[in-house]
Each structure stands twice: as structure tokens, then as C-alpha cells.
Amino acid sequence: MSPSPLVSVVMPLYNSAATVRESLESVLSQTYPNLEILVVNDGSTDDGVAICQGYADARVRVVHQQNRGLAGARNTGIRQAKGEFLGFLDSDDLWLPTKVERHVAHLQARPEVGVSFSRSGFIDENSRPIGIYQMPRLQDITPQIVFCRNPIGNGSAVVIRRDVFTAIRFEANLYGDVEDFYFDDSFRQSEDIECWLRIALQTHWRIEGLPEALTLYRISDGGLSANLMKQYASWERVLLKTEATQPEFVAQWGSRARAYQLRYLARRATRQRDGALAVRLLHQSLATDWRVLLEEPRRTLITLLAAYLLRLLPEAPYRWLEGRMLRSTGASQQRRMRGELGR
């Protein structure tokens, strides 16, 4: 392997004019030099394409297609990519400058690892750090951990060997011609977990994380509760698809995974200020499989407390309490990361 193998960065683009410049520049600012950047215009109608085409950097290439969704755009990028390693960055998320360098070093040092991911820090709509992080398990990741807890967290956190995609490739005719697929284009949500789970169940490649928060993942306080239920429906499709080929695995872990997914959606409902939905989803989670409380008591109880406080308190005192809890959680997470990194 070359000491500096080519890394292909795939950036799906769909009406992200407000954020794509910052996302693209976060890739162009990487300390790792050997990059190609494939911006896949997935039928955008805003100025995002013009922004990307305005860069004279020879590493940037814009590919156009009719809208196929996030999975479809990533698949187009994978088909066109020339790199030994492939990274994915959604056009509203950001990378810290050393991200690609750290993942390449990780993959070169650990040849059994096929999927290298980093922790993520949350940013708001104006790219300001919220101060909290995704803090998943980083090693000894089994298929059940992927199914129940999705440690990768988001699609912008990974750099993956090309050989992994070769191992999960399948052919289909979805748009008039037979093509290779890696992500499942039929999913418009939950496409990440569907792909990670197939990698975990169908290949020998290990999934392993880095302790640094090298990805900045953008979240919004807005959104519709109906979208959360659409997300839950798409996750149920992942379960059904997996059950068709891995019935024993789903029989053993399906209820636990569903309970964790419902708890995750309850946290999202809390962030969207829908206390009634958050409480309902949490009750559903515990009724589905009470072991989420046994396995992760602190996280489950905090989620339960936040949901009930949101429902019972006026907005002002709730926001004050929420701010204190977030600052306390963020400080604890930062101490843990500094300890793990020996700083």
C-alpha cells in the first residue's frame, strides 16, 4: 500500500447552499494531501452547485444526477471513486483538519479494520458548538451493538476501505439499467444503519472508532414530530430486511434494538420540544424491552426526567434546567476524552 493512499471524499449535495461552502472547505483544509472530492449533485435546485463549481481546486469534481436521495448519491460517488479509502461528508456537516489523516493512520495500522469512525461533536444551525458529543463504544463492536446502539452515529463520521464496499456490493435495476449498489437506494431514512448492519453481519471486517471528536454534526431544534415517526417506520424496514436473511439474529436482538431506537427517538422528540411524544416513546421503549434501563440506567433515567420536565414545566425554567444539564454532560464528556487521549 502506498504510504499516502488516495482517499475519495463523497459529498452528496441537495439544496444545501447555506452550508455546503463551509463543509467543502473543511475537506479542502485537511492535513492529509492525497484527496479527490466527489460532490454528487442529487438534483439540487438552489445555488449549491454553483458554489461548488466555483472552486478551481483540481481535487474537486462535481457529478450530476436526477434526485435519488442520500443513499443514491453516495452510491454514485462510490462508483466514480478511485481511492483505496472512501469518506463521506453530508453537505451540512464539517470535518476537523486532521480527520482524514487520523483515519488513514488508523486503517494502515489496523489491517483488520474496514470501517474507521470518529466521535462527533454537535453544532447548531449557525455552526456553533453545542458542547456535547456522541460518545459511543469504540472497540469490540459486534453486530448486536451496531443493531442496538449504532456506535458510528452519523454518516459523516466514517472512512471505509474500498474492499468493504466490494464485499457488500449487490446488483439491481432501479433506474433503467443494472448498476452496482452499496447503500440501499430504497431507503430515504435509516440508510446508514442498514449499511453498517450489513457490513457487520455479512463481512469479516471490523468496525472500530477513534476517541477524538473529528466530525462536527449539525442538529436542529426544529423539525416535525411526524418526521420522527417516519424515521421509526424506516428503522422498522431495516429490521424486516435483516430478518429476511438473519432471522435468528433478529429474534435474539430485535426487541432490545427496538427499545433503544424508541429511546433515541424520545430524545429527539425532547429536542423538538414535544414532551407528550417523548413520554409516549419512552414508555413504549420500556414496555418493549425493560433491559435498556438495566443496561444504561443513567442515560435512560435522564431521558425520562427530561421528557417529563418538558411536559410539566413552563418553557423558561425548563430551558434553564436543560442548559445546566447540557453543560454538565459536555464537561464530563470532555474530561473523559482528555483522559482517553492522555491530555
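This note covers a helix pair and a strand with its two partners in a predicted model.

1. Helices α12 and α13. Two packed helices are described by the angle between their axes and the distance between the axes. Helix α12 spans residues 297-312 and helix α13 spans residues 315-341. Their axes come within 10 Å and cross at roughly 160°. An angle over 145 degrees counts as roughly antiparallel, so α12 is roughly antiparallel to α13. The crossing of α12 past α13 is left-handed.

2. Residues between the two helices. On the α12 side, the contact is made by I302, A306, L309 and L310. These meet Y318, L321 and M325 of α13. By class, the contact of α12 with α13 has seven nonpolar residues, with no polar and no charged ones.

3. Side chains of strand β4. In a regular strand the side chains alternate between the two faces of the sheet. Strand β4 covers residues 85-88. Here F85 and G87 point one way, while L86 and F88 point the other way. All of these residues are buried.

4. Pairing of β4 with β1. Strand β1, residues 7-13, pairs with β4 in the parallel sense, over four bridges. Within this pairing, V10 has F88 in β4 as its bridge partner.

5. Pairing of β4 with β8. Strand β8, residues 158-161, pairs with β4 in the antiparallel sense, over three bridges. The bridge partner of G87 in β8 is V159.

Note on methods
Residues numbered from 1 in each chain as written. Predicted model: local features only at pLDDT ≥ 70, side-chain atom pairs only at ≥ 80, totals over all residues. Heavy atoms only, no water. Axes fitted to C-alpha atoms, helices over the stretch in contact; angles between N-to-C directions. Parallel < 35°, antiparallel > 145°, perpendicular 65-115°, else oblique. Left-handed = near helix turned anticlockwise from the far one by under 90°. Contact = heavy atoms within 4.5 Å. Nonpolar A, V, L, I, M, F, W, Y, C, P; charged D, E, K, R; others polar. Buried < 20%, exposed > 50% of the residue type's maximum accessible area, 1.4 Å probe, protein only. Pairing = 2+ DSSP bridges.
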